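Reader: Can you walk me through this one? Keep it quick.

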Amino acid sequence: MPTIAAIATAPGAGGIGIVRLSGPQAREILSRMFRPASVKFTGFRPWMLHRGRVLDHEGVPLDDVLAVFMPGPRTFTGEDVAEIHCHGGPFIVQAVLETALRLGARAAERGEFSRRAFVNGRMDLSQAEAVAELIAAPSREALRYSLNRLDGLLGRKVTALRRQLEGLRVQMSLAVDFPDEEVECLAPEAFAAVVEEVAAAVRGLLTGQRRAQVMQQGAVVVLAGAVNAGKSSLLNALLGRNRALVTDIPGTTRDFLEESCQLDGLPVRLTDTAGLRETGESVEEMGVALSRQKVRQADAILLLVDGGRLGPAGAAADICPDEAVREVLSQCGDIPVLLVWNKVDLAEPAVWPPVWAPDRPCVRISASTGHNVDTLARRLRALLLDDGSHTPPSDGLAPNARQSLALERALHELEALLADIAAGSPYDCCSVRLDAAAALLGEVTGLDSPEEVLNRVFSSFCIGK
């Protein structure tokens, strides 16, 4: 493969800039670009930084640098790799890259270094994806998930499941190809037991999908409720600063307001919305319509009840306290809702949880004084990470969107295969489902991934990775 080169550090000025080369000519090109500072230099010692000057293609010094050569195959790409660590000015870094290209390297494409690592067996596709996810991790928890996937936990688990199916394929092939011979073949009951074991493991992997998605991409949390329920005050309290305008005038918030924050390492985008009510004022009516749209698009809803207006009697009533609460509860569907009794500094509810929402998670706070806001943040974080399984985090085994799609399709084939076995279908018919499930598991690690899938995955990488 041709030797490739790219800038491995972020665009813009910085203290250090790195130009990376990978391929069979990496050492030769580095030697032609580098003039050692030490008279004792006799050649590049692998994995050791050497100080010197980097030269352009005409031999003119460009910068004082550190250079390192790393022989394959025990490198990131599995090939010979060289790096030049120069000062991080944009012109300097670009000049060093252009010199490498003039001396025989080719400009790397997006994700080409990682793709070569995948092609050369240094990592599977799930690990390669984890590289990009690690770079883009928005929080400590997302970093942990990505790092565990980079270590190959997901790939090893899926590979083990595929091997179980491969074992079944071997025995089924013997039974189909040599029906008159006495060959060892699983009875239908044992066959179904292995398939169900694999299917259960796939379901377990899919269980953590939503949790991992929230960790990696963050969650949209909408603050909803009636006018003057304290949504803007709660937004300010969660942010720790005055971001939203707060007054006693009903309908102060006319448009939605979005701000990002972290809840104990979880990235969240808070959306303050206009109070839900019927109004004849056109501008406020537009804001209310936007509020309803945002509620439908939320990953979770903080539904505020104005405790100061209702008082204890309202909390103990057998019906919802106001039309806004009724509307959200009737239309939220599967969106998780945290019921928030606000303004406990003015009135404590006599009955809590309320009798009109006994199964909803709920919390009592005062947004204006900050009372119990930290408890609300913890409850909200737990609500966002609850995928319905009530299981602890899966230590990075949760798949991303592409991997989840392949696993879902594999699970569909496995469940259909179980139905075929129960119906007494012949093994040659069952083998079609089994082959498809094994191939789909292979897509997770890239073993059976089509070229267009690989192109789509690696095209999302940065140039230097």
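This is a predicted model: local features need pLDDT of at least 70, side-chain atom pairs count only at pLDDT 80 or more; totals for chains, interfaces and linings use all residues.

Reader: How many helices and strands are in the protein?

Author: The protein has 16 helices and 13 strands. These are DSSP runs, helices being H or I with at least four residues and strands E with at least two, numbered from the N terminus.

Reader: And what share of the residues counts as buried?

Author: 48% of the 465 residues. Buried means under 20% relative accessible area, exposed over 50%, and partly exposed in between, with a 1.4 Å probe and protein chains only.

Reader: Switching topic. Which residues does UniProt list for "binding site"?

Author: The unreviewed UniProt entry lists Arg20, Glu83, Arg122 and Lys465. Positions follow the numbering used here, feature names are shortened, and annotations may be inferred rather than shown by experiment.

Reader: Where is arginine 20, and is it buried or exposed?

Author: Arginine 20 is in strand β2, residues 14-22. It counts as buried because its relative accessibility is 16%. Leaving aside neighbours within four places in sequence, its contacts include Glu83 and Lys465. Contact means heavy atoms within 4.5 Å.

Reader: What about arginine 122? Where is it placed?

Author: Arginine 122 is in the loop between α3 (112-119) and α4 (125-135). At 41% relative accessibility, arginine 122 counts as partly exposed. With neighbours within four places set aside, its contacts include Pro73, Arg74 and Ala117.

Reader: Now the sheet. What is the strand order?

Author: The order is β9-β10-β8-β11-β12-β13, in an open sheet of 6 strands with mixed pairing. β9 and β13 (362-364) are the edge strands, each pairing on one side only. Two strands pair if DSSP finds at least two bridges between them.

Reader: How many bridges join β8 to β10?

Author: 5, and the two strands run parallel. Valine 220 has arginine 269 in β10 as its bridge partner.

Reader: Which strands does α9 lie across?

Author: α9 lies across β8, β9, β10 and β11, at about 155 degrees to β10. Axes are lines fitted to C-alpha atoms, for helices over the stretch in contact, and angles run from 0 to 180 degrees between N-to-C directions. In α9 (residues 231-239), 8 of the 9 residues are buried. The cover for those buried residues also includes α13 (373-385).

Terms used: Residues are numbered from 1 along each chain as its sequence is written. Side-chain values use heavy atoms; hydrogens and water are left out.
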